[in-house]
Amino acid sequence: MDCVLRATGLTKRYHGNPALDNLNLELNQGRIIGLLGPNGSGKTTFIKMAAGLLTPTAGELTICGEKIGPASKAMVSYLPDRTCFSKQRKVTELLDFFGDFYQDFDRSRAEQMLTALGIDPGARMRTLSKGTQEKVQLVLTMSRRARLYLLDEPIGGVDPAARDYILNTIINNYDPSATVLISTHLISDVERVLDEFVFLYQGKVIQKGEADAVREETGKSLDELFREVFKCLPNC
Amino acid sequence: MFTKLLKHEWRATRGTLGILCLVSLGAGLLGGLTMHYLIWVDTAREMQHDVIVVLSALAMVAAVIAVGAAGVATLFLLIGRFYKSRFTDEGYLTFTLPVNVHQNLLSSMVNSIIGMIIMFVVIFAAVMMWLFIGLSALEGFTEALRDVLPRFWESAHEVFEEFGLGNTALFLSNVLISGICELVVLMLSVTIGSIAAKKHKVLAAVGVYYGIHVAMSIGSAILSIQVAASDLGGRAFFCYTLLITAAIAVAGYFLMYWLMDKKLNLN
């Protein structure tokens with residue numbers, strides 16, 4: 001399988017404190033991977049670096065062999081953990097925006113998803129509820145035919161029904177040849193969709209593997225395994 | 001990609017810029033009409049409507065303030081757009097676009113320059129409209145205008161001939177480069193303030209802006225003293241100023257580039 005993301009000795013320090021500590025990781029094509037860890041484990045830092053929002057203190061990160069830059073950003077579809085669209089913009093303007101900048105953006109798919117959700121494309125973002133704004137953001141992110149989807153806490157802070165909707169949207173709309181990296185600590189909710197998992201703690205990978213294999217080997221769900229692994233560690 | 005960035009920068013600011021232009025033109029019209037009325041009542045010696053005269057005078061003051069405020073608001077709008085689209089949550093979208101840092105920076109700079117030029121032209125038009133409408137209350141204004149305008153152009157031509165094409169170009173370059181330098185300093189202050197400060201980023205940007213201007217003022221004073229003590233003429237002084245201003249603008253731009261490329265830290 002082709003390696004989509006490769007991190008080598010990746011380190012990020014904030015005022016001397018390591019958020020990522022010499023992290024090595026490879027993610028292969030066509031997998032849905034859970035980046036799992038307690039708060040402050042470095043999940044968001046790692047995803048932001050892959051998206052090009054943070055510069056590493058040391059180490060290297062490549063997406064499909066490209067260093068982080070315009071070429072890698074063209075292949076990555078990133079869903080941040082907050083709404084990042086201007087409140088003044090109309091949904092149609094955002095569709096135009098994505099269409100202009102991303103060659104892999106499928107506008108008709110986005111419009112279909114918006115219609116299915118009953119979101120008026122002529123509405124301004126400020127007139128939509130926070131939940132609907134997040135759905136617009138998810139729709140736009142998943143309407144790209146990207147090589148790598150980086151989803152930072154896509155189900156954080158939403159009700160269980162919305163979680164199911166979001167996960168179904170991800171499953172039904174991502175390109176099967178693409179890789180999806182989902183960062184979350186709500187493991188029981190995402191467990192069913194994951195092919196692989198990566199446990200992150202204090203900026204390091206402490207365990208990773210195939211989700212089905214680990215369930216068979218240990219007889220435990222990922223959620224149970226997570227609780228077991230992280231309860232023994234300090235500051236969790 | 002650069003033209004697309006520029007298009008979206010323009011789309012994001014054109015609405016408010018349009019409103020500010022209309023405010024300026026409206027203020028110019030209001031100022032002109034009130035000036036016209038005040039001249040008319042003064043020349044006609046019909047001062048019986050004291051309240052209207054006072055209200056007209058107040059309206060004229062309000063028009064002056066509105067024109068000035070529209071100019072300042074334009075600068076705030078453009079720098080505010082730069083800050084908001086790069087260093088707030090909107091930066092998560094801007095910095096994940098498949099564009100390089102030069103394109104990212106230059107699109108904002110070019111859009112800001114275009115916005116400021118538009119506002120400058122509109123304010124000039126508003127002031128001209130104000131004077132034309134206001135002074136048309138004077139008796140024989142049209143005849144005087146017919147007489148004055150050709151003489152004005154004649155004098156302007158004479159001044160231009162005396163000043164020379166080279167000096168005119170140097171002066172205009174100085175004005176343009178100074179404007180761009182000021183814009184770069186503002187954007188650099190916002191960039192440093194946003195990247196360096198954990199909280200109160202705007203306040204930090206204001207502090208940085210103040211600091212840069214203090215440093216620039218000290219540098220400018222030293223340069224002026226040295227030029228005054230030397231045998232340099234006015235033209236050489238203009239050249240020196242132009243070069244130094246351009247150097248500050250270029251250095252500021254590349255510092256901003258480096259910060260965004262190597263030190264970006266959106267949190």
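User: Which residue in the turn of the hairpin formed by β4(A) and β5(A) has a positive phi?

Analyst: Note that this is a predicted model. The strands β4(A) and β5(A) run antiparallel and are joined by 2 bridges. Between them, the hairpin leaves 2 residues. The turn residue with a positive phi, about 50°, is A:C64.

User: Which residue stands opposite A:I63 in β5(A)?

Analyst: Strand β5 of chain A covers residues 66–67. The residue of β5(A) opposite A:I63 is A:E66.

User: What is the bridge partner of A:T8 in β4(A)?

Analyst: Strand β1 (residues 3–14) of chain A pairs with β4 (residues 58–63) of chain A. The pairing is antiparallel and spans 5 bridges. In β4(A), A:T8 has as its bridge partner A:E60.

User: Why do the buried residues of α3(A) lie on the same side of the helix?

Analyst: Helix α3 of chain A spans residues 91–101, and its buried residues are A:V91, A:L94, A:L95, A:F97 and A:F98. They lie on the same side of α3(A) because the arc they cover around the axis is only 160°.

User: Leaving aside neighbours within four places in sequence, which residues are in contact with A:V180?

Analyst: Contact here requires C-beta atoms within 7 Å. With neighbours within four places in sequence left aside, the contacts of A:V180 are A:I32, A:I33, A:Y149, A:L151, A:I170 and A:Y174.

User: How far apart do the C-alpha centres of domain 1 and domain 2 of chain A lie?

Analyst: Domain 1 of chain A is made of 1–75 + 148–159 + 176–236. Domain 2 of chain A is 83–145. Their C-alpha centres are separated by 26 Å.

User: Which element gives the most to the side of chain B that touches chain A?

Analyst: The contact uses 19 residues from chain A and 18 residues from chain B. On the chain B side, the elements giving two or more residues are α1 (2–44) and α3 (91–94). The residues of that side divide into 9 nonpolar, 4 polar and 5 charged. With 3 residues, the element giving the most is α1(B).

Conventions:
Residues are numbered from 1 along each chain as its sequence is written. Chains are lettered from A and ligands numbered from 1 in the order in which they are written. This is a predicted model: local features need pLDDT of at least 70, side-chain atom pairs count only at pLDDT 80 or more; totals for chains, interfaces and linings use all residues. Two residues are in contact if their C-beta atoms, placed from the backbone, lie within 7 Å. Helices (H or I, at least four residues) and strands (E, at least two) are DSSP runs, numbered from the N terminus. Ala, Val, Leu, Ile, Met, Phe, Trp, Tyr, Cys and Pro count as nonpolar, Asp, Glu, Lys and Arg as charged, and the others, Gly among them, as polar. Domain bounds come from an automatic or database domain assignment. A residue is buried if 20 or more other C-beta atoms lie within 10 Å of its own, exposed if 12 or fewer, and partly exposed in between; C-beta atoms are placed from the backbone. The arc is that of the directions from the helix axis to the C-beta atoms. Two strands pair if DSSP finds at least two bridges between them.
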